[in-house]
Each structure stands twice: as structure tokens, then as C-alpha cells.
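These are my notebook entries on a structure with more than one topic to look up.

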Amino acid sequence: MSDNIVAEIKKEYIYDLAKRDERVDGRALDQYRNISIETGIISKAEGSARVQIGDTQVLVGVKIQPGEPFSDTPDKGVIITNAELIPLASPTFESGPPREGAIELARVVDRGIRESGAIDLAKLCIEEGVKVWMVFIDVHVLDHDGNLIDAAALGAIAALLNAKLPNERYDMGKDVQLLVEDVPVAVTVAEIGGKLLVDPCLEEGQITPTKLTIIFNKDDAVAGMQKSGTGMLTSEQVYQAIEMASKKSKEIRKKFLKRS
Amino acid sequence: MKGKPEKLIVKGKRLDGRKLDELRPVKIEVGVLKRADGSCYLEIGKNKVMAAVYGPREVHPRHVQEATRAIVRYRYNMASFSVEDRKRPGPDRRSVEISKVSRESFEPMVIKECFPKAAVDIFVEILQADAGTRTAGINAASLALADAGIPMRGLVSSCAAGKVDGQIILDPMKEEDNYGEADMPIAMVAPDNITLLQMDGHFTKDEFKQAFELAKKGCAQIYEMQRQALIAKYGAEGKR
């Protein structure tokens, strides 16, 4: 398809670099791009965060409002994660209903929040069977320069750490911080020419046959994984990717994810 | 849905009597549909799935075709009656994601260069679901591709491992999936090519390793059954 063309020459160049443990933007194989996170930038949202990983830029807003629980979980709150790859963010994104890329992005971000137990859904119950807090996590990609999953996941947890339950607006007392029980961090590793590298930039992301995203909890346990792409990995590569990602997740959590 | 059973593992046995590292009973039949170019019906435990392959055939819409190789398309679809509460027909976000990762589990194996500008369409219908439908679908699709005579580098075999009551198990069924602590479907092609890997829940690194190795063993057993199913249909090697 025409939307993801990296010239053959560039592709060969990136593979040649990988052979020498080098990368197109000069990073080491296990080197993440610079990260910056700003939280609380959308005052209308209950929580928000803008994450930059290199030139990739993602804005995550969290809206929280009371609603009806699902009939099979009457005593639990609801988390709904959505992602939009809006045409503002890349010449290759088109408007219209989300396609599989956006759906996968939202579902992997959701998996990290849900499976890590970051939000205790039982604590979001207001009145069993009648009213619970609904937490909407909306991922807006602003600038797509690669590795959207990590950026979106980081934005989601940062926005949740920044979020308040809007009790006042609904006459339920004072606003309180949303309780966040764990801090999942997703790290994506790409395979290029047999080498593994963290945080693929746009060009690397386009040519890599295989990416593996691994989501770690605070206790260094794995909360979620997703292999993506048309290639394959050996078992050894899977184990190696986990070690690389584990190390990076700890660094990122320590440096960037504190309660704001 | 009934409440959580107190224990999912009693004296090393699971609710359906299986050992921790045991697959559910599998039944496979290759070439069951007349109109499809290749097809396969597969049961594993209470899962019943049907896979059909059409192709190589002309691509519609034409702009998605590729000049030098075939495109592979995969549609995972659950019948509305396949689950306890009726599922609304048509693709939802879950099935879109499953279709994507399932397609990707085949992409490195189908020799796409054989059919420039063509499409290989894989359709998987889940007729009855009891946890593990994506892996069952992949196993059936793999055989439907072989039945259609699509050149492949190997048969894709798929299986999940999970964690219940703190123990690592092979091939979780519905109760174990609902009340378990982790679920990890994988797909592989012998000897050691992982083409699908997903996981949710909670695994320590050691538990991950144990589950990953167990799931690979499960795939090896599935592979043997797939091979037998092809032999049953087409005769042993060298014979016709």
C-alpha cells in the first residue's frame, strides 16, 4: 500500500546500521528517545497528560462521570478507552471510523490499565446496580513519529495519576484524587535484521517486521503483551525483549510517573 | 454466568478432570466445505470453529492489491449464538483486533510472492465459544490454507497458557479464563518461530517463562494433530 512507503534504499540503510548496532537517529539499540510529560493541561477534563517521545506527541484526556453499571458487574465502575488517529497527526491518517490500527492501540492501552489493576473498579461504585463512575480514557495522537503505543500508554497512566473524581459537580461532596493502585508502563521493542531495539522511531516502525509491546507493573510482573507486525520472533528474542523492556519500564516509571 | 467456583484446581486436577498441562480433546476435519478452495472444521473442548480459504483470487477493491505479492486477509467472526448472552452480529473492536493479530500470525508463513496482485482470504467463524477461540481459529485456518493448496513455509499451530489459582495451566477453558489470573495465547511454526504473542493478567517473569514454554509444548501437540488430519485427508507422505 502507498501509505507506508520507506524507500528501499532507506530500508537497506537501516538494516545495515542495525548490523553494526547503530540506528538511523544515532541512538544505541537500548536507548529510548527523550520523554517529556505535562499533566493537567486540559482543565475541562478530570485528568490529562501530553506526552512527547522524541517528536511523537500524544494527548490523553480522562473524563469521569456517573453512569449506569453494566448488568453483569453492578458493583463495579467502568473504564472505556478509545484512540483516534486524527488526520492532523500524520499525512497517512484519514478521517473516518477507527481502523484496526487505532482499535489495536486503544485495546493495548486499555489492557495495561485494566490488567495491572491500576484502577480498582470496585472503588468506583457509587450505588450498586444504579450508579458508578465511568472513566473515559481518550487518546488523541497529535504527531505520529513512531511508537504510538508506548506514548499512548504513558499518557493514559499519567492522565489517570492526574485525575480527580468530580464529586462537586454532581453534589456528592468534595472532589478527590482518583485512586491509582498500580503504575503500568508499556515498552515496545522492534526486531530489525535479528537485532532488537527499544522505542522504534517512525522509520524503524515502518520497516520492522515485528514489534513486541510488553507492559510491566510496579512489581516488575508482566501485565500485558502484544506482538504486532507480519514477522516472527524466536523464543530467545522474546526473553531478550522482556529483559530490555523491563529495564526501561523501571527507568520510565521512576523518572516520570509520580502523583501530580 | 454462575459465580466463581471455590477452587479451579483440586488435587492437581482441573474442573473438567484435565491435568495442568493437558489440552482439551481436539477433533479436526479437513475439506468440509464444497465451495471454498480450502476448509477445516475444528473442535477443541466446547469450541467449535469453521475456517474457509478462498484464493488466490482477484483483489477487490483493486487499490489494495500489491504488485509483487499476494495480500492476506483474515476475518474472525463470532456467531451471535456462540456465547451465553447473544452477541450482536458484525465486527466489534475485539474481533477487529483478533482478525489483525491472527492475519499477522500467517503473514510470515504464506509464500505471498507466488501470487502477485492476488488475495488469499481466510474466513473464520466461531460457532460455539468456550475460551481459546482465536487459537482454535488459527489452527483451523492453517489447515484450510493447506487444504486450499496455498504454498506455506510451515503449518501455524496455536495454543494458550494461563494462570489459575496461582498455577500455570495449558489451554484454559471458559471458567479458567473468567476467573484466572492470566491468559497468554501464542502461535508458532516449528521449530521456534513465534508468530502470535498476546498476554493479559499478571505473570512474574518466572511464571511467564513457565507459561511460554508450556504453550510452546501445547503448540507442538496441536501441530501433530494438524499433521494427522492432513494425512487422514490426503494420505501419508508420498501416497495419494
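Predicted model: local features only at pLDDT ≥ 70, side-chain atom pairs only at ≥ 80, totals over all residues.

**Cis peptide bonds in chain B.** I looked up where the chain has cis peptide bonds. One cis bond joins B:His60 and B:Pro61, with omega at about -5°. I located B:Pro61 in the loop between S5 and strand S6 (71-78) of chain B. I found that the peptide bond from B:Gly55 to B:Pro56 is cis as well, with omega near 0°. B:Pro56 lies in strand S5 (residues 47-58) of chain B.

**The contact between the chains.** I then turned to chain A and chain B. How many residues does the contact take from chain A and from chain B? I noted 36 residues from chain A and 32 residues from chain B. The two chains bury about 3,000 Å² between them, and 53% of this area is on carbon and sulfur atoms. I counted 23 residue pairs in polar contact between chain A and chain B, both residues being at pLDDT 80 or more. On the side of chain A that touches chain B, at least two residues each come from strand S4 (78-84), H2, strand S11 (210-216), strand S12 (222-228) and helix H5 (235-256). By class, the residues of this side of chain A are 14 nonpolar, 12 polar and 10 charged.

**A pair of helices across the contact.** I looked at helix H2 (residues 100-115) of chain A and helix H1 (residues 93-106) of chain B, which pack at an angle of about 105° with their axes 9 Å apart. Angles of 65 to 115 degrees count as roughly perpendicular, and H2(A) and H1(B) are therefore roughly perpendicular to each other. From H2(A), the residues in contact include A:Ile103, A:Ala106 and A:Arg107. From H1(B), they include B:Val96, B:Glu97 and B:Val101. I noted that this contact of H2(A) with H1(B) has 4 nonpolar, no polar and 9 charged residues.

**Salt bridges.** I recalled that side chains of opposite charge can pair when their charged atoms come close. Over all chains, the structure holds 44 salt bridges. Between chain A and chain B, the count is 6 salt bridges. I looked up B:Glu97, which forms a salt bridge with A:Arg107, with the closest N and O atoms 2.4 Å apart.

**A:Asp199.** Which side chain meets that of A:Asp199 in a salt bridge? I found A:Arg33, at 2.9 Å from N to O. This pair links distant parts of the chain, 166 residues apart. A:Asp199 is in the loop between strand S10 (195-198) and helix H4 (202-207) of chain A, and A:Arg33 is in the loop between helix H1 (8-19) and strand S1 (35-39) of chain A.

Terms used. Residues numbered from 1 in each chain as written. Chains lettered and ligands numbered in written order. Heavy atoms only, no water. Axes fitted to C-alpha atoms, helices over the stretch in contact; angles between N-to-C directions. Helix = DSSP H or I, 4+ residues; strand = E, 2+ residues; numbered from the N terminus. Parallel < 35°, antiparallel > 145°, perpendicular 65-115°, else oblique. Contact = heavy atoms within 4.5 Å. Nonpolar A, V, L, I, M, F, W, Y, C, P; charged D, E, K, R; others polar. Buried area = accessible area lost by both parts, 1.4 Å probe. Salt bridge = Lys/Arg side-chain N within 4 Å of Asp/Glu carboxyl O. Polar contact = N/O pair within 3.5 Å; in protein donor to acceptor, adjacent residues only side chain to side chain.
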